[in-house]
Amino acid sequence: MSNHAMVLERILSCFLVVFMSCCAFACQPVPEKSAVLQLDDSEAPGVISDFASYPTSVKLDEKSLGCGSVSFDAIMEIPSIDACSIFQVRQALFTNEDLQNMIDILKPDAVLYKSWDKTKQELLELRISFEEIAGDSELDRMYLEWLTSAFETAPVDIEKTVFDWNSLRKDDSVFVYADDGGSVIASFQLSADTFAYFRDISLDQMPVSWVMQDDPLIISEPVIDRDTAYNKAIDVLAALGANDMVAVSNAESKVVEYRQNRTTEVGYSFIFLPQYQKLRHVYDDSVAIKEESLPSVAAPWSPEYIQIVVDSEGISQLIWDSPTARDTELESEVKFFPIDRILERAQQQLLNMFAVAPDYVDADTGEILQSIVVTKIELVRGCIQQRDHLDVGQSVPLWEFTYTYRWQDRTETEQNAIYINAVDGSYVEPRVTMYQIMEQYGDND
């Protein structure tokens, strides 16, 4: 699959990795209880000044429910903020003028053409050149099979058509090539909620951590150093006017760039998120949702992010998805739900989520199969739906509980997070929409 197809699929699904259970088996009988404890309005709410008394680390002994156990061995990042409000947010859709301006920043004076398929001659040349270097790996075999099947339906010749901006409507999503008069120098995906730039459409990319041991990809250190790459990304952010975005350190990665299953270079990938009142918004890297314990509210649309890949030649790839803008202030100074109750609810929520194991047949052993350890607690922001309004969002403070998941005694762990509303203590999911959640579970009702 080509790089831009992979990215388009990621945009449509938000690189969403949803681990969901749909089986009635439980590891042992689980008491019936609400997924989220009932609110107790009698407790006095907290204020920003209370943060000074919050612990810098949290350790909670292991508790178990069903076949899951949850413990806390977490650092707690205390935010240095002097204000925290709730405000309405709206989708700030790209206009055609916005899209043209961003193209001019990345490829000034480029002539845009509607995208076209490779011709039979181009595919034949690709196959001949690749056969000279192909090995016995599964990746090489699959690539040769793709070249063969693509050749059968490829056009003999193509006629380039200049892209007409007047043809781009609000609900359209198009792919265009920038041509310098003889060859493609860049490619763009254009829509009202997505702008994507690819310097070389024939170049595939993946995080170095994804490369398997038997892949025919030679991984070396990037030619460009990390700080230089980061500064180049910051420069293009400023040029695009995205000055309220901050980098997510745990989403930064080295990226291998390759063509025809052979490495061309290794660069760096950076993820940038909106930041309001010194609190970053959440990132939709992966999501774990359980049918037995669904969130009370979700996102009105996919979270906003900008991804920039930089190599020794400069910006290799840029994606800006789901732009948003602040609107009406709904609450100028929030009151925070007591932190001890927040910790209690997070622990109970995780217990409810992992009390059962999907498709596990030994239901009555009483064995702990799923071990959860919360490793980090941080105050962030998330965009969630306003009550009774599916298409209106509000930016609210959330406690992000990052945890590791381990199945039985395996050494491998997976990392994920859950979010507890810092104002009312409810379990929310700001990374996916309620429509996406119900789409997964609609057939199980």
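How many helices and strands does the protein have? And which residues of the largest nonpolar core touch the most other members?

Reply: This is a predicted model, where local features need pLDDT of at least 70, side-chain atom pairs count only at pLDDT 80 or more, and totals for chains, interfaces and linings use all residues. Residues are numbered from 1 along each chain as its sequence is written, and side-chain values use heavy atoms, with hydrogens and water left out.

The protein has seven helices and 20 strands. These are DSSP runs, numbered from the N terminus: helices are H or I, at least four residues, and strands are E, at least two. Of its 445 residues, 50% are buried (under 20% relative accessible area; exposed is over 50%, partly exposed in between; 1.4 Å probe, protein chains only).

Now the core. A nonpolar core is a set of buried Ala, Val, Leu, Ile, Met, Phe, Trp, Tyr and Cys residues joined through side-chain atoms within 4.5 Å. The largest one has 50 residues. F72, L350, I377, W399, F401 and Y403 touch the most other members. Elements giving two or more residues to this core include α6 (339-353), β17 (370-386) and β18 (389-407).

Look at F401. Leave aside its neighbours within four places in sequence. F401 is then in contact (heavy atoms within 4.5 Å) with F72, I342, L343, A346, V374, K376, I377, N416, A417, I418 and I420. Another core, of 33 residues, lies apart from the largest one. Among its members are V236, L237, F272 and I308.

In soluble globular proteins, nonpolar side chains tend to be buried together. F151 lies in helix α4 (residues 138-153). F151 counts as partly exposed because its relative accessibility is 32%.
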